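Work through the exercises below with the structure in view, and try each task before reading its solution.

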Amino acid sequence: MDPNGIAGLDAQFIGRTSPTAPRIQAGGHPCQGIYWTEAGKRPKVAIIATHYNVDFSEHYIAPYFARAGFGFLGWNTRYRGFEDQFLLEHAILDIGVGMKWLKEEAGVEQIVILGNSGGGSLMGAYQAEAIAPTLTDRLPSIGQDALAQLIKGDLYISFNAHQGRPEVLTDWMDASVIDENDPTLTDPELDPFNPDNGPPYSDAFIEKYRAGQRARNQRITDWAKAELARLNAAGIPDRIFPMFRCWGDIRCVDPAIDPSDRKPNWCYRGDPAIANRTPSIGRANTIKTWLNMWSLETSPCQGQPHLAKHDTPALVVQGLADTGVFPSDARKIFDFLGTADKRLELIPGAHYFEDSIEERQNAADLVSGWIREKL
């Protein structure tokens, strides 16, 4: 039987409003998801997973955990498919809606927070805000009340997760971009796809390139702050802008950097040289979203400050064939976690363990065993 199948499982659709987002006139709810369980069962322990913009309702791991006897809520905030409008403070409240549903309507007694892929830092931020809120001033009064009442998860799992939204974008940025308005202009001395630079890349080039990535992030931030002030002075609240060439992580090209079992010269979109010319992560943003999600200077979506507040048992799982999250990322997440009760597991498998049903099952068994051990 294919573990990804739904035979013998119940899949319940849930749609709910949020404290700062009502149901739209066409009928859609801002918060939506699917709750997966064994048929006819009401588990006392459930797992919840959410992403910044990817629909997690049909997450690949849901059937595995449901068959292990847990509930699994693949939950979406109002920003599913709307990455360009993301604001962390409202997404946190939307996750809180899912947590409340598990407790009050699904009959769950203990909840496990699962931070997968880009959703790792989002779920890490939720848990941190449930412990000690920091986003209060960003919300209206009704949102502040909801933030103060967030339900804290009992366990936290980082599952092939990126450190934080600004960190991953900066790591993936092509540092050789000269003009953000022209995707063709390139500084050849910083071009990671210029064979004169590598691979293999020298230590000097790596240092220069990483500094160039941070500088590019800061240039966009400086422009965004100035442009927002200019627009606001004219009575315009915000605007959208494009971003190009964000598959330039030299780790994807040179396997000697941050060694693992990953396929060389490969990223989530295939050949990095081709993917880098194709619109992808962060391809469109409002200015407020850039400052909230992507900016190294201003974003509250960075992983370390949130993970440092965690005080519940935590598990960090990282597939060694992942082409976009690397062993050093997992080790940093592990080090950032404030809890003393934490465990790091580096295991076989790609980002979504998509290459092998056996590897998916092994990852699910590892996590399921840890949850039973802790709860």
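**Exercise 1. Count the cavities of 30 Å³ or more, and describe the largest cavity.**

Solution. Step one is the count, which comes to two cavities of 30 Å³ or more; a cavity here is a set of points on a 1 Å grid over the protein atoms alone where a 1.4 Å probe fits but cannot get out, and a volume is the space filled by probe spheres set on the points, which are joined across faces, edges and corners. The model is predicted, so local features need pLDDT of at least 70 and side-chain atom pairs count only at pLDDT 80 or more, while totals for chains, interfaces and linings use all residues. Residues are numbered from 1 along each chain as its sequence is written, and side-chain values use heavy atoms, with hydrogens and water left out.

Step two is the volume of the largest cavity, about 60 Å³. Step three is its lining, meaning the residues with an atom within 4 Å of a point: among them are His162, Glu167, Asp249, Arg251 and Asp329. Helix H5 (residues 165-172) gives the largest share of this lining, four residues. Step four is the class of the lining residues, which are two nonpolar, three polar and five charged. Step five is the location: domain 1 (7-163 + 300-372) and domain 2 (172-292) both give residues to the lining, so the largest cavity lies between them.

**Exercise 2. Which strand gives the most to the lining of the second largest cavity?**

Solution. The second largest cavity holds about 30 Å³ of space, and its lining includes Gly120, Tyr156, His162 and Leu307. Helix H3 (119-131) and strand E6 (155-161) each supply at least two residues of this lining, and E6 gives the most, with three residues. By class, the lining has four nonpolar, five polar and no charged residues.

Technical notes
On a 1 Å grid over the protein atoms alone, a cavity is a set of points where a 1.4 Å probe fits but cannot get out, and a pocket is an open set with protein on both sides within 12 Å along at least five of seven lines; lining residues have an atom within 4 Å of a point. Ala, Val, Leu, Ile, Met, Phe, Trp, Tyr, Cys and Pro count as nonpolar, Asp, Glu, Lys and Arg as charged, and the others, Gly among them, as polar. Domain bounds come from an automatic or database domain assignment.
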